[in-house]
Amino acid sequence: MLRLRQKGAAVQKMVDTSGFTRIRRVAPIATETHGGRAKCLQRLIRLDLPVPQTVALSFDTVHRIAAGGMPNIEALLKTFGERPLVSVRPSSEVADWGGPGAILNIGMNDARHADLTASHGKKAANALYLRFVQSFAINVARLDPEMFENGKKGDALAAALKAYEDETEDRFPQDPAVQLSEVLRSMARAWEGTSARLLRQAKGAPADAGLGLVVQQMALGVGPGESGAGVIQFIDAATGRAQITGRYMSQTQGRDAVKVKAGAMFLTRDERGPSLEEKCPEVFQVLQDQGDLCRRKLREEMQIEFTLENGVLHILDAVRVQRSSRANVRIAVDLANDEVISREDAVLRVEPHSLTELLHPQLDAQDDRAPFVRGIAASPGAAFGQIVFSSAAAQASAARGEHCIMVRRETTPEDIRGMHAASGVLTERGGITSHAAVIARGLGLPCVVGASDMQLNTKDKTVTTADGSIFREGDIITIDGSTGRAFSGATEMREPALDDAFQSLLGWADAVRDIGIRANADTLAEAHVARNFAAEGIGLCRTEHMFFEDDRLVVMREMIFAKDPTDRAAALDRLLPMQRADFTALFRVMEGQPVCIRLLDPPLHEFLPRDRDGVRELAEALNMPVSDVSRRIADMSEINPMLGLRGVRLGITVPEIYDMQARAIFEATIEASKRGDPVVPEIMIPLVSAKKEVELVKSRVDAVAAAVASENGADFDFRLGVMVETPRAALRAGEIGQNVAFLSFGTNDLTQMTYGLSRDDAGRFMNDYVHKGVFAEDPFHILDTDGVGELLMLGAERGRAAHPDVVLSICGEHGGNPESIAFCRAAGFDYVSCSPYRVPVARLAAAHLALKQPVSS
């Protein structure tokens, strides 16, 4: 028969002058001063749950204990009555910061052992005393654990006491006040030790984070009647869906039911064995009721630690259920739908970065293998497959229906088709904004770059790791783009979770955010992803990626090798319908939403082959000698191509290219507008640094628009803008912005030019720079709000001063980072644009900012 603890016990006077506070309904307990566990216990007491009497020690008190001070231990023990048994547990401000392990049965000595032998039986008394001796010896006296893990069942207690006496040359302490003092001192000093401090700092705790301690009267869990301990929670920690989970074990204490499991019983009826629901149905029902009460009143899913002592239920603790990112989304949404919390609170309970776990396959959390190499986590998600060393091999693998990981020293535009075919990409070189990283994020492809501890031999088709292991083409490996690791062999994956809870949460986020979110998308597949993730248009379409298909690449190379404008025009005429079809399809996918198309940006030599076989194939296609082709390629090479003939410079020196692209855009606009909403394309001029560049390109684009409108007898609108990628363009944004509709800051190149850093090579030393404090963060990963940010601010202010209605945005990879969104929102930008798979993260981050930092109108 269940016998709940009687209420209405005599109220004892609260003692605080001695450095401790009895936790009661009105006691001055706060998370900031006593820790989260102490505050949670107070809330449980306010809910009238059967919590054993508990005393809290504040951060300041514990700090003084570590320094050699001690509260009035005799007075503290008296709050629990005569000859109590107590436990001590840590209470840090944030549970994830950890703390020393709990110590139970403080107060056990020879006299109490004799009393408990009489009242509870020798077996129970031995178990209680032995547990304390072992815990005290290992965690307080710091003796060798092996000395206290052996011993026959019959004489384990005697052996432990003798081992303690032999090692310390002193009898095991019998005075409860001495025992408690030593436990408190040990836990306080452990918290302030160097190892513990570094460990919690790695979890985000400040260096001076405080620790509280909770002293609680023991509920024994052993002895006559139904006695034991267990934990219960009411949701699945992996999915967040309603499900009672946990364990209960008779004749035990603490969390043994979870740690040991052997001998533990299930909570609910289960065909695999006995359950608490069958053995103690009344206890089980009370636990369910108390779990529901905690959920409603504490507004959270809690894991409850409980003890039964001769049928009496005690609630020892309740903590927030540890959960996966996908479970956290489900829990927040369900709490809001049940009106336990508001929708705004649900939005704030999910960290934006955590959504990446839901968007991509992830490694099984139970897989603890050591990686064979580490690099930079460039694109989230996990994938496994056979090693391939070329784009052609990746496409061949995909054609056979086989998964593959493309391993390259670094990728180039020629590798795009291989990246589309591969399951993941691993590169020896590169940084967070290298070619491989940027393209992989757009494709939603797992990617690890800058794995400099491996050596790639493309001739032998091998990868050699730092420990001498050799991987060959065809070997199976797994990469984790979320952590920057690569493993030998395949592994189990957790699939993405884009369920109803995910959609609901982002819908609520959209209702409160106040900055637009677009996607960078170059292909139809990426555009579909952008639409599925509710992007508000395309903020950057890089047209160069459309030219790397086999049929187009040949024509593109013919155009590059044209001897005169006539031959060049002939080649461009063949490219025109291909581009027109691309843009028409893109406009139709976006269904009238804005699409910002960047005119051709990279230098033309990037479209030319780099290896001997490629040169021979091109010579055959052009019917030219290999030597002539090689000579032309060499003539077109540049010492620093990223600062050479590219972007608007290409459009001015070879204007026919931009003319063709503009015509394709306008003809696609007319075609797509025939079915569906009118299309208003945005045309972006790349790498601008001078007003005259804009004027020259604008005049030709306007002329093409007029010609297309006249030829088709159709009117259409379009917007012309500039991609601000050079420091000079940011500084001269006032004059550049006069004749354009928008200024879109390309923060990848702007960061590169501001710092004088190659984004493809910075990964080699960036970790050292960040570790030594040269840079606070990798500026290609987190926007440098001081340096690059000042250029953004100047450009925005000067652009708006000259043209108040000019639209401001960023379209670099920084656009998906919550930190960058905060800067852009504060600076008055209209939208940010990022890789399609980062759109959900950006939407949620923008909502967090709107709720936490409202912008005054």
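Modeller: The axes of helix α19 (residues 500-512) and helix α34 (839-852) come within 8 Å of each other and cross at roughly 45°. Axes here are lines fitted to C-alpha atoms, for helices over the stretch in contact, and angles run from 0 to 180 degrees between N-to-C directions. The angle makes α19 oblique to α34; angles under 35 degrees count as roughly parallel, over 145 as roughly antiparallel, 65 to 115 as roughly perpendicular, and the rest as oblique. Two packed helices are described by the angle between their axes and the distance between the axes. The crossing of α19 and α34 is left-handed, a word used if the near helix is turned anticlockwise from the far one by less than a right angle, with right-handed used if it is turned clockwise.

On the α19 side, the contact is made by F502, L505, L506, G507, A509, D510 and V512, and on the α34 side by P840, R843, L844, A847, A850 and L851. Contact means heavy atoms within 4.5 Å. By class, the residues joining α19 to α34 divide into 10 nonpolar, one polar and two charged. In this scheme Ala, Val, Leu, Ile, Met, Phe, Trp, Tyr, Cys and Pro count as nonpolar, Asp, Glu, Lys and Arg as charged, and the others, Gly among them, as polar.

Two points about the source belong here. This is a predicted model, in which local features need pLDDT of at least 70, side-chain atom pairs count only at pLDDT 80 or more, and totals for chains, interfaces and linings use all residues. Residues are numbered from 1 along each chain as its sequence is written, and side-chain values use heavy atoms, with hydrogens and water left out.

Helices (H or I, at least four residues) and strands (E, at least two) are DSSP runs, numbered from the N terminus. S835 is buried, with a relative accessible area of 1%; buried means under 20% relative accessible area, exposed over 50%, and partly exposed in between (1.4 Å probe, protein chains only). Leaving aside neighbours within four places in sequence, S835 is in contact with V438, R441, G442, N520 and E813.

Eight strands form a closed barrel that runs β23-β24-β25-β26-β27-β28-β29-β30, with parallel pairing. Neighbouring strands of this sheet are turned by 25° against each other on average, direction ignored. Two strands pair if DSSP finds at least two bridges between them. Strand β29 (residues 807-810) pairs with β30 in the parallel sense over two bridges, and the bridge partner of I810 in β30 is V832. On the way to β28 (residues 742-745), β29 is again paired in the parallel sense, over four bridges. I810 of β29 is the bridge partner of F745.

In α6, N126, Y129, L130, V133, F136 and A137 meet A156, L157, A160, L161 and Y164 of α7. The contact of α6 with α7 has 10 nonpolar, one polar and no charged residues.

As for the whole chain, there are 34 helices and 30 strands, and buried residues make up 55% of the 857 residues.
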